[in-house]
Amino acid sequence: MGCNITVPFKEEVVNICDILTKRAKISGSVNTIKKLQNGKLLGDNTDGIGLIKDLKRLRFIKKNDVILLVGAGGAARGIILSLLSLNCSIFITNRNMDKARNIVDKFKIFGNIILITNNELHKIHFNLIINATSSGLQNTLPILPEKIICPTTYCYDMYYQLNLTPFLRWCKKIGSAGISDGIGMLVIQAAYSFFLWFGKLPDINSVIDVIKIKYKK
C-alpha cells in the first residue's frame, strides 16, 4: 500500500516518486509514499499538518507568531509551508548556512522567512522555537545562545525519546513557557499517512494518549 520515510531520506526519496502532491513538490521532501493502482508511486508529505495540529493541540502557536526554526534538512522543509500558512514569520538558522539560505530562497514566495545567524539571534523575541535537527539522535544540543529563551517562549523538539531530549532539558532549565517533544506530531502525521493509504482517519487524541502512557513508562 505504501510506506513512511524518515530522516535522513526525506529529500532523497523524492527522486523515486512518479507523482508528487503539491506540498511534497514545493517542500522537496517526502515522508509518505502510496503505491497507486497503476503501480506508480505517489509522494506526499504529512509532516506539516502533523506539526501544526500538534502545536495547536498544545496551544503553542497562534497566527502571526515569530518562530525560530533550527535545521535545514528534510524535516524542516516539510513543515515550513504549514507554518507560513498561519502568517507566521520564520527565522531559520543551521550549522550549514548555505542549506538554510537555499530554503529561504525556495520558500520566500510563500511568506516571511528570513535567514539568521547565531550572532543575531539575541536581537529577536521568539514566540516559538522548533528544533528540526537530528541533534537528539546524537544526544547533543544545537548551538544556540541562552538569551533567545524567555518565559513567554515555547520550545518544541521534533525528535523524541523516553526522557526529555537534550534540547528540551536545556529549554526547561532556562525557563521556557512550555516544552514538548514530537510524539504528538508523530501520531498525527501517521494518521494522515493512514488516511492517504486507506481513506480513513484514525482518532488522533486517543492514540496520542495511549502512546504517551506506554512510551513514557
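This is a predicted model: local features need pLDDT of at least 70, side-chain atom pairs count only at pLDDT 80 or more; totals for chains, interfaces and linings use all residues.
Tyr 160 has a relative accessible area of 28%. Because buried means under 20% and exposed means over 50%, Tyr 160 is classed as partly exposed.

The structure contains seven aromatic pairs. One of them joins Tyr 159 and Tyr 160, whose ring centres lie 6.2 Å apart with an angle of 20° between the planes. The pair is stacked, because planes under 30 degrees apart count as such. In the pair formed by Phe 167 and Trp 170, the centres are 6.3 Å apart and the planes meet at 35°, so the pair is tilted. The angle of 35° falls in the tilted class because stacked planes are under 30 degrees apart and edge-to-face planes over 60. Phe 167 and Trp 170 both belong to helix α5, which spans residues 166-174. Their positions are three residues apart, so about one helical turn separates them. Phe 167 and Trp 170 are both buried, which means that each has under 20% relative accessible area. Elsewhere in the chain, one aromatic cluster is made up of Phe 194, Trp 197 and Phe 198.

Three helices, α3 (74-84), α4 (97-107) and α6 (183-198), each contribute at least two residues to the lining. By residue class, the lining of the largest pocket comprises 20 nonpolar, 19 polar and five charged residues.

Strand pairing was examined for β1, β3 and β4. Strand β1 (residues 2-4) pairs with strand β3 (residues 32-35) in the antiparallel sense, over three bridges. Within this pairing, Asn 4 has Thr 32 of β3 as its bridge partner. Strand β3 also runs antiparallel to strand β4 (residues 41-44), to which four bridges join it. Here Thr 32 is bridged to Asp 44 of β4. Strands β3 and β4 form a hairpin, with five residues between the two strands. In the turn of this hairpin, Gly 39 has a positive phi of about 90°.

Terms used: Residues are numbered from 1 along each chain as its sequence is written. Side-chain values use heavy atoms; hydrogens and water are left out. Rings of Phe, Tyr and Trp (its six-membered ring) pair if their centres lie within 6.5 Å; planes under 30 degrees apart count as stacked, over 60 as edge-to-face and the rest as tilted. Buried means under 20% relative accessible area, exposed over 50%, partly exposed in between (1.4 Å probe, protein chains only). Ala, Val, Leu, Ile, Met, Phe, Trp, Tyr, Cys and Pro count as nonpolar, Asp, Glu, Lys and Arg as charged, and the others, Gly among them, as polar. Two strands pair if DSSP finds at least two bridges between them.
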